[in-house]
Amino acid sequence: MKRSLCLAVLTLIGVGATVSTYEARQPRASLTVHDVADNLYMLANAASVQGMGGGGNTAIFVTGDGVTLVDTKVKGYGEDILAAVRAITDKPVTTIINTHTHWDHTGTNVEFPDTVNVVVHENTRANLASDDCGDGTGFEGGSIKNCDSFKGANARFLPETTFSDKITLGSGPDQIDLYYFGRGHTDGDTFVVFRAARVMHTGDMFARKGLPYLDVASSNGSATEFGRTLEKAAAGIGGVETVIPGHNPVPLTWQDFVDYGGFYNDIVSKTRAGEAAGQTVDQIVGSYSLPSEYNDFVAAPDRLRATVQYLVDGQ
Ligand SMILES: [Zn+2]
């Protein structure tokens with residue numbers, strides 16, 4: 001991590017408000033709080049925000065003991081998250097769950113006290129602790145998997161609670177179930193279910209109604225496994241009605257999530273059929289048409305080409 005950023009972050013922790021490096025260089029995205037259920041909120045980019053804005057959607061869940069956050073946006077937005085929490089409750093933030101390693105979902109972990117319990121899949125912890133921070137496509141040229149934010153003294157912010165398949169936090173109205181079903185967007189994507197509220201945060205396994213960004217290069221994501229992982233999640237998680245997607249500006253539904261798997265796996269099927277017929281990637285992409293039952297989903301040409309290429313390459 002760059003020294004200037006370290007200092008900005010330390011100042012933020014110390015006095016609660018300052019101008020971060022990010023804020024100084026970027027127009028600040030305004031955020032909107034959506035009521036999702038009793039004691040559960042989604043903090044999203046305002047509808048007017050174009051592009052990344054503050055990063056992924058944050059869930060704010062008020063429990064008996066304190067506040068649990070799911071995903072922490074991009075660097076410099078810790079004070080925005082805390083302001084949203086303070087408008088809801090005086091309780092402290094006690095737990096952070098990160099759905100995956102990316103810089104736009106873990107960016108402000110280091111802006112909260114290091115006493116907060118951080119919970120992630122074991123592969124996400126390995127990504128955050130990695131020495132190979134890679135490709136410079138994340139925050140201000142930092143790593144997309146954000147491991148450069150957890151080096152040196154900041155290693156104390158690395159998650160201390162991990163799981164492999166499933167873990168349950170809290171009980172009764174506070175129960176949160178965390179599931180892992182395999183590789184997809186990365187190799188450590190967690191589905192977070194707020195049991196009493198019948199709500200699930202999907203992270204970027206369902207970012208929006210469009211084809212996923214697949215982080216094959218940096219975080220061991222997989223185009224071939226992505227669809228299988230969605231199917232396992234749809235089959236293995238029950239009792240969910242409302243979905244907090246990774247980036248969509250408003251909540252979606254369980255049926256939208258199920259349809260997302262259908263939309264994606266239709267592309268897998270068409271790719272496999274094209275391969276069997278001896279088609280090239282260009283031909284497979286060129287002959288693709290969106291099934292009418294998924295007409296509210298978007299297969300952008302660049303994402304479609306990347307997805308088909310990964311599938312053909314067996315990645
Ligand atoms: Zn991501």
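Reply: Val199 stands opposite Thr242 in β12. Strand β11 (residues 199-203) and strand β12 (residues 242-245) run parallel, joined by 4 bridges. Strands here are DSSP runs of E with at least two residues, helices are runs of H or I with at least four, and both are numbered from the N terminus. Two strands count as paired if DSSP finds at least two bridges between them.

This is a predicted model, in which local features need pLDDT of at least 70, side-chain atom pairs count only at pLDDT 80 or more, and totals for chains, interfaces and linings use all residues. Residue numbers start from 1 along each chain as its sequence is written.

Thr242 also stands opposite Thr253 in β13. There, 2 bridges join β12 to strand β13 (residues 252-253), and the two run antiparallel. The link between β12 and β13 is a hairpin through 6 residues.

Now take β2. Strand β1 (residues 31-37) runs antiparallel to β2, with 6 bridges between them. In this pair, Thr32 stands opposite Ala44 of β2. The hairpin of β1 and β2 has 2 residues between the strands. Asn39 in that hairpin takes a positive phi near 65 degrees. Strand β2 is also joined to strand β3 (residues 58-62), antiparallel, by 4 bridges. Leu40 stands opposite Phe61 in β3.

How many residues of strand β2 are buried? The count is 6 of the 6 in residues 40-45, so β2 is largely enclosed by the rest of the structure. Buried means 20 or more other C-beta atoms within 10 Å of the residue's own; 12 or fewer is exposed, anything in between is partly exposed, and C-beta atoms are placed from the backbone. In a regular strand, side chains alternate between the two faces of the sheet.

Two loop residues also have positive phi. Asp71 is not a glycine, yet its phi is about 70 degrees. Asp71 sits in the loop between β4 (67-70) and α3. Asp71 is buried, with 30 other C-beta atoms within 10 Å. Asn146 has a phi near 65 degrees, again positive in a residue other than glycine. Its loop runs between α5 (122-128) and β7 (161-163). Asn146 is buried too, with 29 other C-beta atoms within 10 Å.

Last, helix α3 (residues 78-86). Its buried residues are Gly78, Ile81 and Val85. Seen down the axis of α3, they fall within an arc of 65 degrees, so they line one face of the helix. The arc is that of the directions from the helix axis to the C-beta atoms.
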